[in-house]
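Please look through the sequence and the model before reading on.

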Amino acid sequence: MKKIAKVFGLLGIAVITFSSCDKAGNTTEEGTIENDAQEVSIADLKIAYVLTDSVISRFEFFKEKSLEITEKGKKFESELSNRAKGFEQEVANFEQTAGTMTQNQARAKQEDLMKKERNLVTYRDNLMQELSGDESKLYSDVYDQVQEYMAMFAEENDLELILSYTRGGAVWYSKKSLDITDKVVEGINKKYADSKLPATN
């Protein structure tokens, strides 16, 4: 969860620069400079925010995929544990019977065990890499879906800025009335549920 929150920290806080003119106005050779009629004043901004961690943890897509990755990790852990126990038993057997082997036999068995150990390490690394890839893909998918929904939500609700609020982030205070977390969670989960329904002809 913390890792996902860090990824979503990339959403950041939008920085808006407002230009202003001196009250008396500045003059140039071309005459008086006037403010752009399209300029948006800070008082006119329609802003809302979401609690990033809540949106992610309550997003059904995230919960389902996280559970799948967890179950896959448990399966990998079990497979790796069984292989490791088998290897350890083989090593123990060798230690018990090494005295009855010729020097060449013992050397060959040692080389075989070393090869099996390297294969076991490679197998473990491959499993970890696969799980890491699954996790990274999940973060990317969640980011894309939330970003897409936020853009749609902002357009439908006439919002010009949606902030991502996380503890220790750039936003220290905001009125609770600007918190749209529940609405976003409800909407994005409905959108996800609808996407799972069979297409109708």
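Axes are lines fitted to C-alpha atoms, for helices over the stretch in contact, and the angles between N-to-C directions run from 0 to 180 degrees. The model discussed here is a predicted one.

Q: At roughly what angle do the axes of α4 and α5 cross, and is the crossing right-handed or left-handed?
A: The axes of these two helices, α4 and α5, come within 11 Å of each other and cross at roughly 115 degrees. Because angles from 65 to 115 degrees count as roughly perpendicular, α4 is roughly perpendicular to α5. As for the sense of the crossing at roughly 115 degrees, α4 passes α5 in a way that is right-handed.

Q: Into which classes do the residues of the contact of α4 with α5 divide?
A: On the α4 side the contact is made by Q145, V146, E148, Y149, M150, M152 and F153, while α5 brings K183, V184, G187, I188 and K191. Sorted by class, these residues are 7 nonpolar, 2 polar and 3 charged.

Q: How many Å does helix α4 reach from its first C-alpha to its last?
A: Helix α4 covers residues 103–156, which is 54 residues, and at 1.5 Å a residue a reach of 80 Å is expected.

Q: Which residues of α3 and α5 meet?
A: Helix α3 (residues 60–97) and helix α5 (residues 181–196) pack at an angle of about 65 degrees, with their axes 8 Å apart. By class, their contact has 2 nonpolar, 1 polar and 3 charged residues. From α3 come E60, F61 and E64, and in α5 they meet N189, Y192 and K196.

Q: With which residues is Y165 in contact, leaving aside its neighbours within four places in sequence?
A: Y165 is found in strand β4, which spans residues 161–165, and at 28% relative accessibility it counts as partly exposed. Its C-alpha is separated by 9.5 Å from that of D179, 14 residues apart along the chain. With neighbours within four places set aside, the residues in contact with Y165 are Y49, V50, L51, T52 and V171.

Note on methods:
Residues are numbered from 1 along each chain as its sequence is written. This is a predicted model: local features need pLDDT of at least 70, side-chain atom pairs count only at pLDDT 80 or more; totals for chains, interfaces and linings use all residues. Side-chain values use heavy atoms; hydrogens and water are left out. Helices (H or I, at least four residues) and strands (E, at least two) are DSSP runs, numbered from the N terminus. Buried means under 20% relative accessible area, exposed over 50%, partly exposed in between (1.4 Å probe, protein chains only). Contact means heavy atoms within 4.5 Å. Ala, Val, Leu, Ile, Met, Phe, Trp, Tyr, Cys and Pro count as nonpolar, Asp, Glu, Lys and Arg as charged, and the others, Gly among them, as polar. The expected span of a helix is 1.5 Å times one less than its number of residues. Angles under 35 degrees count as roughly parallel, over 145 as roughly antiparallel, 65 to 115 as roughly perpendicular and the rest as oblique. A crossing is left-handed if the near helix is turned anticlockwise from the far one by less than a right angle, and right-handed if clockwise.
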